Each structure stands twice: as C-alpha cells, then as structure tokens.
Amino acid sequence: LQALTLSLPDEDATTALAERLAPLLSGQVPGVPTGGRIHLHGDLGAGKTHFVRALLRACGVTGRIKSPSYALLESYKVSSLYFYHLDFYRFSDPREWVDAGFRDILQDNAVVLIEWPEKAGDLLPEPDLDLHLDYCGDGRLATLDARSAKGTLWITTLAP
Ligand code: ADP
Ligand code: MG
C-alpha cells in the first residue's frame, strides 16, 4: 500500500490520526524502526501545526509546543528520542540552513516533522511520508503518500 486518503471532519479527527501515527514513529510498535520523516503539505490553516502538536503530545512531549514559523526549528527530547519540528514558511536563504547545521539534524535517527518543505527547494532529503491536508467543506481531507519502505509500513498499519 503506497497511499491512503482519510476524511478528517473536525480537528479531533486530525488529532486522532496523529495519535495513531505516534506509536509507529516512537518505537512502540514491534517491527517498526524508531524515527522517521514526515513532510506536511497544505494551505495556511489546513492543520499542519495542529497535527504536529498532537503527534508530539502523543509521543510524550510535555510543556509548551511553539510553532517554529519564526525560529525555523523547535526540538524536543523524550527519553533518548529526538524530535525536530521545522517550518520553512518564511525560509528564504539557504545559508540560514547551512549555518544552523540542519543537515546534521536530518541525518539523525530522529522524528522529523516539516511544514512547507517545498520552500526549502532541494535541500531536504526524501521523507518517509508526504502528508497532504486539504480543505474539504468544514473539515479536511488527508492524503498520505509513502516515500520509503518505512512509510509503506506505516500506511499499511494505519489502513482501515
Ligand atoms: P497550519 O499549520 O496548516 O497553517 P494550524 O494547525 O496552525 O494550520 O491551524 C489549523 C486550524 O484548523 C486549527 O484551528 C485547527 O483546530 C483546525 N483544524 C485542524 N484539523 C481540522 C479538521 N480536520 N477539520 C477542521 N478544522 C481543523
Ligand atoms: Mg503551521
């Protein structure tokens, strides 16, 4: 299974999807290697940050979860697992990226969640999963596209 489309009628449904993905990313499902990368696509207000917050919470992140739209990057650690939340909405200068050493971050065996990855051009490696959130009436339509064997494993596990 390479792709999955899910209807998310309200924000609780977005939260529920994040809560189903969380154990797969944080090493709580036997046979699924810990960590992974998700690229989040969708217009402003589609629910990308909402999804990331719900996922981080479900993985045990406590305290304030800030949107990284200004800082580019917010990072968290739970036990020995690192989480990186990036938002490239305001990204303009690739040197920012190099200066911050983000390349190293992406090579780690971590959970990496990236909003507006398309604004980073070709600086980013392929994710395990592309998650698209599209407006659909009052709710959203989620499209999950697997980009790696791990992503395929996630989708297969999530499929109804
Ligand atoms: P983005 O990061 O994509 O710009 P945000 O996550 O900041 O968007 O904001 C999304 C808004 O949409 C939040 O107010 C959230 O409650 C709401 N939302 C999230 N998922 C859904 C959904 N499935 N249906 C309706 N509203 C949603
Ligand atoms: Mg956002």
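I started at Ser79, which is exposed because its relative accessible area is 69%. For the cut-offs, buried means under 20% relative accessible area, exposed over 50%, and partly exposed in between, with a 1.4 Å probe and protein chains only. Ser79 sits in the loop between β3 (73-78) and β4 (81-87). Its phi is near 50°, a positive value in a residue other than glycine.

Housekeeping before I go on: this is a predicted model, in which local features need pLDDT of at least 70 and side-chain atom pairs count only at pLDDT 80 or more, while totals for chains, interfaces and linings use all residues. Residues are numbered from 1 along each chain as its sequence is written, chains are lettered from A and ligands numbered from 1 in the order in which they are written, and side-chain values use heavy atoms, with hydrogens and water left out.

**Hairpin at Ser79**

I then checked what flanks that loop. β3 and β4 make a hairpin with 2 residues between them, and Ser79 is in the turn. The two strands run antiparallel and are joined by 6 bridges. As one example, Lys77 is opposite Tyr82 in β4. My terms here: helices (H or I, at least four residues) and strands (E, at least two) are DSSP runs, numbered from the N terminus, and two strands pair if DSSP finds at least two bridges between them.

**Trp116, another positive phi**

Trp116 is not a glycine, yet has a positive phi of about 55°. I found Trp116 in the loop between β5 and β6. Is Trp116 buried or exposed? Trp116 counts as buried, because its relative accessibility is 14%.

Asp122 is also in the loop between β5 and β6. Asp122 counts as exposed because its relative accessibility is 74%. I took one distance from there: Asp122 and His50 are 26 Å apart, C-alpha to C-alpha, and 72 residues apart in sequence.

**Strand β7 and its partners**

Next I looked at how β7 (residues 139-146) is placed. Of its 8 residues, 7 are buried, so I noted the strand as mostly covered. Strand β1 (residues 3-8) runs antiparallel to β7, with 6 bridges between them. On the β6 side, strand β6 (residues 129-136) pairs with β7 over 8 bridges, again in the antiparallel sense.

Asp134 is opposite Leu141 in β7.

What about the parallel pairing of β6? Strand β2 (residues 36-41) is joined to β6 by 4 bridges, and these strands run parallel. Leu40 has Leu131 in β6 as its bridge partner.

**Magnesium**

Which protein atoms hold the magnesium ion (ligand 2)? Thr49 (OG1) and Glu115 (OE) are the protein donors, lying 2.1 to 2.2 Å from the ion. This pair links distant parts of the chain: Thr49 is in helix α2 (residues 48-58) and Glu115 in strand β5 (residues 111-115), 66 residues apart. I counted as donors N, O and S atoms within 2.8 Å of the metal (3.2 Å for Na, K and Ca); water is not among the atoms, so sites may look incomplete. Thr49 is buried because its relative accessible area is 17%, and Glu115 counts as buried because its relative accessibility is 3%.

**Largest pocket**

The largest pocket has a volume of about 150 Å³. Its lining takes 13 residues, and Leu44, Gly45, Lys48, Thr49 and Glu115 lie nearest its centre. By class I get 4 nonpolar, 5 polar and 4 charged residues in the lining. For the record, a pocket is an open set of points on a 1 Å grid over the protein atoms alone, where a 1.4 Å probe fits, with protein on both sides within 12 Å along at least five of seven lines; lining residues have an atom within 4 Å of a point.

**Cysteines**

Last, I looked for disulfides, meaning pairs of cysteine sulfur atoms within 2.5 Å. The count comes to 0. Cys59 counts as buried because its relative accessibility is 8%, whereas Cys136 counts as partly exposed because its value is 42%.

Key:
Points joined across faces, edges and corners; volume = space filled by probe spheres on them. Nonpolar A, V, L, I, M, F, W, Y, C, P; charged D, E, K, R; others polar.
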